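Take the strands first, then the ligand.

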Amino acid sequence: MILICIASLLACSAAEFSIVVPKAPVSAFLGSSVILPCNLSPSINARTFEVRWYKNGEHEKPVLFYKEKKNTGQSQDRDRVSLIGELDNRNVSLKLDHLTMADSGEYTCFVKSLSWYEKGSMNLAVKVLGSTPLLLYHESVEKMNVTCRSFGWSPKPTLTWRDSTGRELPNTHTKYTTDSEGLVNVSSWLLFSPSDSEWISCTVGLNLQEIKESRIVPMKGFWMEAFISTLVLSLIVIITYTVLLILFRKGLLPHCSSHKNAKAADSSHESLPAETMPLNAIENTTQGHFYIFFQSTNYTYKTAIAGGVEV
Ligand SMILES: *[C@@H]1O[C@H](CO)[C@@H](O)[C@H](O)[C@H]1NC(C)=O
Ligand SMILES: *[C@@H]1O[C@H](CO)[C@@H](O)[C@H](O)[C@H]1NC(C)=O
Ligand SMILES: *[C@@H]1O[C@H](CO)[C@@H](O)[C@H](O)[C@H]1NC(C)=O
């Protein structure tokens, strides 16, 4: 028993310090600065120690090499890396400035005293927010084939489809491509019937906060209503005009005929802004990355009716 105790005591005293690094990956935006934490435990003065920071293993030149109380920075871009922690208070954290895509990877913090060394590793992910998703559609048999595309993400984002109730729709047709720099494009398509949901959204993001979203609103019902109300309005205008014309021809309205005609013409003009408005609305919303689609057949009907009013 006594021997075991002495042996373990010796083992303990031999371990001068251990290294504490984060278990979760560290992440920061492209172009920003990041601190890669590395601390000694227990708290001891590391000023006389040798501190090395390696990237992607120890076979290459260290990113930073601190020895004999001075920084003998090793990497080509040494002005971007610095030991930021208080060395005399166990902190050998590394600061990296102006992050580039090439900076992502595994970093190892290596600390050596005269009689002991320890190391710890962590991953650095360089974040880039990609483009706002672009939604495109084409009509498939009875359904809409909606495609969502977003470019230039880092690291690999997740893509989620949702309907207007917030329910997640399966994203089984999602494809990723990565360029040489490590930026990721994502594209996904989905079959969707406009009667199922008021709208569907496509969200691309790195986590729950860093996201970009677009929605697509099927306007089928709206266009049918617009078409019917335009038809009713046009019929009223045409009938009024015809009645006035007949009365005028019969000489029943000798004095106020021109006035009434002008009024009829006015009301036919008044109906025009109401018809052009939905088109304006589409342009505006499109600028806000908010896409609206509609049945092309209804659109054709609408144009035909607009022509009829002018006649
Ligand atoms: C080590 O130093 C860095 C930079 O000053 C700081 O962010 C970090 O909190 C310090 N760690 C500890 C454990 O004090
Ligand atoms: C939907 O569109 C995508 C391209 O945008 C295509 O690859 C896919 O095959 C289409 N799906 C169907 C069922 O038409
Ligand atoms: C990602 O999308 C952009 C924009 O369309 C394109 O220029 C680039 O080539 C794409 N990259 C890959 C790896 O597909």
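Strands S16 and S17 (residues 184-192) run antiparallel and are joined by five bridges. Strands here are DSSP runs of E with at least two residues, numbered from the N terminus; two strands pair if DSSP finds at least two bridges between them. Across this pairing, Thr 177 stands opposite Asn 185 in S17.

This is a predicted model, in which local features need pLDDT of at least 70, side-chain atom pairs count only at pLDDT 80 or more, and totals for chains, interfaces and linings use all residues. Residues are numbered from 1 along each chain as written, ligands are numbered from 1 in written order and chains lettered from A, and side-chain values use heavy atoms, without hydrogens and water.

**Sheet**
- The open sheet has four strands in the order S12-S13-S17-S16, with antiparallel pairing.
- S12 (134-139) and S16 (174-178) are the edge strands; each has a single partner strand, so one side of each lacks a neighbour in the sheet.
- Neighbouring strands of the sheet are turned by 15 degrees against each other on average, direction ignored (axes are lines fitted to C-alpha atoms).

**Ligand 3**
- A polar side-chain atom of Asn 185 lies 2.3 Å from an oxygen atom of ligand 3, and one of Thr 177 lies 3.0 Å from a ligand 3 oxygen atom (polar contact: N or O atoms within 3.5 Å).
- Ligand 3 alone exposes 360 Å², and the protein buries 43% of that (Shrake-Rupley method, 1.4 Å probe).

Definitions and conventions. A polar contact is a pair of N or O atoms within 3.5 Å; within protein, one must be able to donate a hydrogen and the other to accept it, and residues adjacent in sequence count only if both atoms are side-chain atoms. Axes are lines fitted to C-alpha atoms, for helices over the stretch in contact, and angles run from 0 to 180 degrees between N-to-C directions.
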